[in-house]
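I opened the file to go through strand pairing and helix packing. The entries below follow the order in which I looked things up.

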Amino acid sequence: MGDAPSPLAMARIHAAAFTQSRPWSQEEFTALLDSPLNFASGDGRCFALVRVIADEAELLTLATDPCFQRQGLARALMQDWQIQAQSRGAKTFFLEVAADNTAAIGLYLSQGFAPCGRRSGYYARRNAASVDAIVMRKELP
């Protein structure tokens, strides 16, 4: 999908995409990318941050700049990060998604992910009640 954006660009995209919760900072993205277990995929419009440990990959976050949403970027990015994670030895993929994020849930279901757990009140919301996280999993054949 191109060169992954810088931590500064990731922080900008994350802040634009996640307005209901606390966005991640440039320093947080820098610290995460300092680990050889983590990698980013995407470009200046949409990115994914992924951790691979042993044969498991976890999508830490995926964000699309609102100006570029509904253009298929996240769908292409889902395929890209899974291929990269698989090349690093991943056979099982995990992610968490807010229970009220119906667009993301639909995307993840279309990519073969299935719910496997729930974290009650996991996502804090500004001026609203916390929202559960749905844990989703995908196994490679």
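This is a predicted model: local features need pLDDT of at least 70, side-chain atom pairs count only at pLDDT 80 or more; totals for chains, interfaces and linings use all residues.

How are helix 3 and helix 4 oriented to each other: parallel, antiparallel, perpendicular or oblique?

Entry on helix 3 and helix 4. I took helix 3 as residues 73-87 and helix 4 as residues 102-110. Their packing angle is about 45°, and their axes lie 11 Å apart. Angles under 35 degrees would count as roughly parallel, and 65 to 115 as roughly perpendicular. Helix 3 and helix 4 are therefore oblique to each other. I logged their crossing as right-handed. On the helix 3 side I found Ala74, Arg75 and Met78 in the contact, and on the helix 4 side Leu107, Tyr108 and Ser110. Sorted by class, the residues of this contact are four nonpolar, one polar and one charged.

Entry on helix 1 and helix 2. Helix 1 covers residues 7-17 and helix 2 covers residues 26-33. I read an angle of about 125° for this pair, with 8 Å between the axes. That value makes helix 1 oblique to helix 2. The crossing of helix 1 past helix 2 is right-handed. From helix 1, Pro7, Leu8, Met10, Ala11 and His14 meet Gln26, Phe29, Thr30 and Leu33 of helix 2. The class count for this contact is six nonpolar, three polar and no charged residues.

I started from strand 2, residues 46-53, where six of the eight residues are buried. Strand 1, residues 38-42, runs antiparallel to strand 2 and is joined to strand 2 by five bridges. Three residues link strand 1 and strand 2 in a hairpin. Strand 3, residues 56-64, is also antiparallel to strand 2, with eight bridges between them. Which residues are the bridge partners of Phe47? I found Gly42 paired with Phe47 of strand 2, and Ala63 of strand 3 paired with Phe47 as well. The hairpin of strand 2 and strand 3 has two residues between the strands. In that turn, Ala54 has a positive phi of about 55°.

Entry on strands 5 and 6. Strand 5 is residues 114-125 and strand 6 is residues 128-139; I counted seven bridges between them, in an antiparallel arrangement. Opposite Arg118 I found Ile134 of strand 6. Strand 5 and strand 6 form a hairpin with two residues between them. Asn127 in this turn has a positive phi of about 55°.

Conventions: Residues are numbered from 1 along each chain as its sequence is written. Side-chain values use heavy atoms; hydrogens and water are left out. Buried means under 20% relative accessible area, exposed over 50%, partly exposed in between (1.4 Å probe, protein chains only). Helices (H or I, at least four residues) and strands (E, at least two) are DSSP runs, numbered from the N terminus. Two strands pair if DSSP finds at least two bridges between them. Axes are lines fitted to C-alpha atoms, for helices over the stretch in contact, and angles run from 0 to 180 degrees between N-to-C directions. Angles under 35 degrees count as roughly parallel, over 145 as roughly antiparallel, 65 to 115 as roughly perpendicular and the rest as oblique. A crossing is left-handed if the near helix is turned anticlockwise from the far one by less than a right angle, and right-handed if clockwise. Contact means heavy atoms within 4.5 Å. Ala, Val, Leu, Ile, Met, Phe, Trp, Tyr, Cys and Pro count as nonpolar, Asp, Glu, Lys and Arg as charged, and the others, Gly among them, as polar.
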